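This report examines selected local features of a protein model.

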Amino acid sequence: EIKSRGGIMLELESKVDALYGKSIRELVQKICKHFEIAHADILVQDSGALELVLAARIEAAIKQATGINKEFLPPGLPETADLKDSSKAKERDRFRFTRLYLPGNNPGMMLNAGIHNPNGVILDLEDSVAPTVKAEARILVRNALHGLDFYGTEKMVRINQLPEGLKDLLAIASCWPDLILIPKAEDPKEILEVEQEIKRLSGETRVLFMPILESALGIENAYEIASASKNVVAMAIGLEDYTADMGVPRTGEGTESLYARTRMVNACKAAGIQAIDSVYSDVGNEAGLKETVLKSRAMGFEGMGCIHPRQIPVIHEAFKPSHKEIERACAIVMAFEEAEKDGLAVVSLGSKMIDAPVVKRAQRTLNLALQMDLLNENWRKKNNG
């Protein structure tokens, strides 16, 4: 409660008061000074939260009570990404087999998300966050981007459907993630609107985009959305919302979404970006998940969403290249390199001609095999021997 006199009256209820009570009180005083709050009654109920979480909760309460438009950033990591630092270039073609959804208002789930080795973590501000706590979640997500170590995992934020998502962009503008997921995309203009807002807020547009198609209209506009901006590096499909929009139940066989998935994959390949499949919602069905991933990969998808860490190793295992695929990729790349040495314009392997897209796909398979320790970095010497 903000008052007109009496100073800062702080009541702290904490199980760790003996250890951290002093630092918590100092943090409250520091934040109040930052927001120029001189008189207030403050109750802090703490059960061992990190400083960045406490700071977010307090900032959210102050903004709700006063409407002050400032932000308080607690100490962050040295490697926190800065768009103005050209050395922080984002990776367009990094592997995105798994992306783990984390509710933006649940910092406990964020703390150790990186140790599960997903390719990406999604700090979600959309469906997993209730409307009444979205303002607080935005501050938590910003502080998490600023101060949590995700161990090299690609940091993603799923914003809300536009125009609500513009508020999310404003809130995290001081701590951009690597990639923004744009939900329920139906028109390429939405991608450009996000791009323009990021440019307005930061002066640059080096954040990458992954639109999510979740409606019949989105699927029909798949290629236009996929090619709307050079910052679109992947596109995902959200089958729960898509099947609801179609008025049909989602089934394990997936016949009701076959057209949508194939059309989206084709659009992604035509636009030169990654196609990412929907989440598999039955967390306890590992066999069903593996079967789904193998089908997904066969269709041309290059990743899936995850709603639980236990899904990550299953998906990684199913998406990794087989021994046979790696051997063929080695043969293709070596044949191409030999042809280049000899100045040949035509490359062949056995009775088949090899064109540039085939070589590019083979090189990508080898890059993946090397990253997953499925291939020795000296594989050329071994094959020549």
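## Backbone and packing

Lysine 184 counts as buried, because its relative accessibility is 18% and the cut-off for a buried residue is under 20%. The model discussed here is a predicted one. Lysine 184 belongs to the loop that runs between β6 (179–182) and α6 (188–202). Its phi is near 50°, a positive value in a residue other than glycine.

A second residue with a positive phi is glutamate 36, which is not a glycine either; its phi is about 60°. Glutamate 36 is placed in the loop between α1 (17–34) and β2 (40–46). Is glutamate 36 buried or exposed? Glutamate 36 counts as exposed, because its relative accessibility is 68% and exposed residues are those over 50%. The table sets out the two residues.

| Residue | Phi | Relative accessibility | Class |
|---|---|---|---|
| Lysine 184 | near 50° | 18% | buried |
| Glutamate 36 | about 60° | 68% | exposed |

Another backbone feature concerns a peptide bond. Leucine 162 and proline 163 are joined by a cis peptide bond, with omega at about 5°. Proline 163 lies in the loop between β5 (154–158) and α5 (165–171).

The next residue of interest lies in a helix. Arginine 261 is part of helix α10, which comprises residues 258–271. With a relative accessibility of 10%, arginine 261 counts as buried. Which residues does arginine 261 contact, leaving aside its neighbours within four places in sequence? They are Ile237, Leu239, Asp277, Ser296, Met299 and Phe301.

The last topic is the packing of two helices. Helix α13 (residues 323–341) packs against helix α14 (residues 356–371) at an angle of about 125°, and their axes are 8 Å apart. The angle therefore makes α13 oblique to α14. The crossing of these two helices, α13 and α14, is left-handed. On the side of α13, the contact is made by Glu325, Ile326, Ala329, Cys330, Ile332, Val333 and Phe336. On the side of α14, Val358, Val359, Ala362, Gln363, Thr365, Leu366 and Ala369 take part. Of the residues in the contact of α13 with α14, 11 are nonpolar, 2 are polar and 1 is charged.

Notes. Residues are numbered from 1 along each chain as its sequence is written. This is a predicted model: local features need pLDDT of at least 70, side-chain atom pairs count only at pLDDT 80 or more; totals for chains, interfaces and linings use all residues. Side-chain values use heavy atoms; hydrogens and water are left out. Helices (H or I, at least four residues) and strands (E, at least two) are DSSP runs, numbered from the N terminus. Buried means under 20% relative accessible area, exposed over 50%, partly exposed in between (1.4 Å probe, protein chains only). Contact means heavy atoms within 4.5 Å. Axes are lines fitted to C-alpha atoms, for helices over the stretch in contact, and angles run from 0 to 180 degrees between N-to-C directions. Angles under 35 degrees count as roughly parallel, over 145 as roughly antiparallel, 65 to 115 as roughly perpendicular and the rest as oblique. A crossing is left-handed if the near helix is turned anticlockwise from the far one by less than a right angle, and right-handed if clockwise. Ala, Val, Leu, Ile, Met, Phe, Trp, Tyr, Cys and Pro count as nonpolar, Asp, Glu, Lys and Arg as charged, and the others, Gly among them, as polar.
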